[in-house]
Amino acid sequence: MAERRGDREGGLTRRRLIGGAAAGAAGYAAGTVPGAAAAGRRRKVDVVVVGAGLAGLSAARRLRAKGRSVAVLEARGRVGGRTLNFELGGGKVVEIGGQWVGPTQDRVLKLIDKLGLKTFPTYNSGENVYYRSDAAQKLTTYTGAIPPASGPSLVELAVFLGKLNSMAQEVPLDRPWDAAKAEEWDGQTFETFKLANTTVDEARDLIDLSIGAIFAAESRDLSLLYVLFYIRSGGSFDNLINVAGGAQESRVLGGSQKISLRLAKGLGRSLVLGAPVVRIDHDRGGVEVLTTKGTWRAKRVIVSVPPTLAGQIHYKPELPALRSQLTQRVPMGSVIKCLALYDRPFWREDGLTGQATSDIGATRVTFDNTPPSGTPGILLGFIEGRQARIWGSRSRNARRAAVISDFVRYFGSGAAHPRHYIEKSWAEERWSGGCYEGYMPPGVLLDYGEALRRPVQRIHWAGTETATLWAGYMDGAIQSGYRAAAEVLEAL
Ligand code: FAD
């Protein structure tokens, strides 16, 4: 697949987004997608898959393995969706989308292995940095997962997280809306629950920080039931936030987008890039999927895009009200992924992991994202939730200054002059609409959850938002693709 020069991602001499073509990572500008009057030939396959992210590609692989003909129609000029490699030169890459995998993410780990790819551990040696703006000693270091917060906040945090983990066990993974306390839990935001069950500011700030890191959203945005479902889906709260033994434990050698690039290779001409699906006509005889590159007829279609983007496709006849309204109620998170490149990972020489957490600043969570070869040294910071909403409308230069000043605050003056700065604001991506995932505010799981996976006649739904295990993650995307493929195979 062709490569494409990056646009706003940084000042590298060889800046490239991998796997791109004409339409590229920026996709089509909002409003420029032509309407239903798509021209071109009419092709026939067994199954059309909308979207070439991990969900769509996994579904297509399963269907082809069972001898079914497929067409994967992808809006962007590249595959991988919310995963995206950035080439650093010399064969090195870094991810500007989803990247980590960890224990119990069995589907993605197995697929990585099957595709002949390898993982390597996230750099996690030494001490983490904890910054607390109202403490006598603002900056402290620590090892392990628990920051050196005050005694009362640590006690409160332990009780609160224990409570969350045990409540999560009461949420059925495939039907969270059937939990005994579903109405009570979906009738409040996570913020309400946090305020009712904590009193110490520092504990509350640490909870909010974790919520931001997991959802790229604020505690007030999320339904308590949805957070509990998400915790159960990933195993435990600790699994979601931890590096060692958790979701951030490992990275994919060559970058996570390589999984999709390898899957795409096997598809050959069944994959069509730069083909946004604008309309799906469906009746008892089959489906007709209209794109800007022509029309495909099939027996079934799998729509593997986030719910909110699925709602932007026209359907004829219209979708049932419940499904249509669901797509109006699953907003995408807000995140800007920021990377600063240095000659070497200087913080390692100071005995630091590169991981920092802070109660202030644009970037409040950081990681060492250096390639396994050890150079260049890369600090990764996330601007998440409210901060992403604020900083997203400021200039790139202002954001760069804020991010670098945060890095200096955490890691010292060595961070002041990066060789390069790269950033990716996922809310600006036409074909993602935000990240890490579509989340649910109060009332959505309870009243609309049934419509999340239930097929509408010949239309099946995939995408990480529809997963029961590791929903929101790459692993969940793959699970959803396999599940949708199984539904279709059974129906065929
Ligand atoms: P997508 O990747 O969104 O795929 C959907 C595809 O459909 C896209 O390619 C899109 O272009 C296409 N599409 C949309 N509309 C149309 C249309 N109308 N017609 C045709 N095509 C269309 N997950 C992890 O597991 N670990 C992490 O560390 C992690 N970190 C993340 C960090 C960031 C910054 C981001 C952005 C995401 C992160 N995630 C992480 C989440 C992870 O990337 C996603 O869960 C996963 O990639 C979703 O895959 P998907 O196939 O469900 O959806």
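Some ground rules come with it: residues are numbered from 1 along each chain as its sequence is written, and side-chain values use heavy atoms, with hydrogens and water left out. Since this is a predicted model, local features need pLDDT of at least 70 and side-chain atom pairs count only at pLDDT 80 or more, while totals for chains, interfaces and linings use all residues.

**The sheet around β15**

Let's start with an open sheet of 5 strands, in the order β3-β16-β15-β14-β18, with mixed pairing. Strands here are DSSP runs (E, at least two residues) and helices are DSSP runs too (H or I, at least four residues), numbered from the N terminus. Two strands pair if DSSP finds at least two bridges between them. β3 (42-44) and β18 (314-316) are the edge strands, each with a single partner, so one side of each has no neighbour in the sheet. From one strand to the next, the twist averages 20°.

Now look at β15, residues 286-291.

| Pair | Sense | Bridges | Residues between the strands |
|---|---|---|---|
| β14 (277-283) and β15 | antiparallel | 6 bridges | 2 residues |
| β15 and β16 (294-298) | antiparallel | 5 bridges | 2 residues |

Is β15 covered or uncovered? It's mostly covered, with 6 of its 6 residues buried. Buried means under 20% relative accessible area, with exposed being over 50% and partly exposed in between (1.4 Å probe, protein chains only). Both faces are covered: Gly 286, Glu 288 and Leu 290 are buried on one side, and Val 287, Val 289 and Thr 291 are buried on the other.

Ile 280 counts as buried because its relative accessibility is 0%. Leaving aside neighbours within four places in sequence, Ile 280 is in contact (heavy atoms within 4.5 Å) with a list of residues that includes Glu 288, Val 289, Val 50, His 314, Tyr 315 and Ile 459. Pro 331 is 51 residues from Ile 280 in sequence, and 22 Å from it in space, C-alpha to C-alpha.

**Two helix pairs**

On to the helices. Axes are lines fitted to C-alpha atoms, for helices over the stretch in contact, and angles run from 0 to 180 degrees between N-to-C directions.

Helix α1 (residues 54-65) and helix α16 (residues 474-491) have axes that come within 7 Å and cross at roughly 40°. That makes α1 oblique to α16. Angles under 35 degrees count as roughly parallel, over 145 as roughly antiparallel, 65 to 115 as roughly perpendicular, and the rest as oblique. The crossing of α1 and α16 is right-handed; a crossing is right-handed if the near helix is turned clockwise from the far one by less than a right angle, and left-handed if anticlockwise. On the α1 side, the contact includes Leu 54, Ala 55 and Arg 62, and on the α16 side it includes Met 474, Tyr 482 and Leu 489. By class, this contact has 11 nonpolar, 3 polar and 1 charged residues. Ala, Val, Leu, Ile, Met, Phe, Trp, Tyr, Cys and Pro count as nonpolar, Asp, Glu, Lys and Arg as charged, and the others, Gly among them, as polar.

The second pair is α3 (residues 151-168) with α5 (residues 190-197), packed at an angle of about 135° with axes 11 Å apart. That makes α3 oblique to α5, and their crossing is right-handed. Glu 156, Phe 160, Lys 163, Leu 164 and Met 167 of α3 meet Phe 190, Phe 193, Lys 194 and Asn 197 of α5. This contact has 5 nonpolar, 1 polar and 3 charged residues.

Ser 153 belongs to helix α3. At 0% relative accessibility, Ser 153 counts as buried. Which residues does Ser 153 touch, not counting those up to four places away in sequence? They are Val 200, Glu 202 and Ala 203.

Thr 189 is in the loop between α4 (182-186) and α5. Thr 189 is also buried, with a relative accessible area of 18%. Not counting residues up to four places away in sequence, Thr 189 touches Ser 219, Arg 220, Leu 222, Ser 223, Leu 224 and Pro 442.
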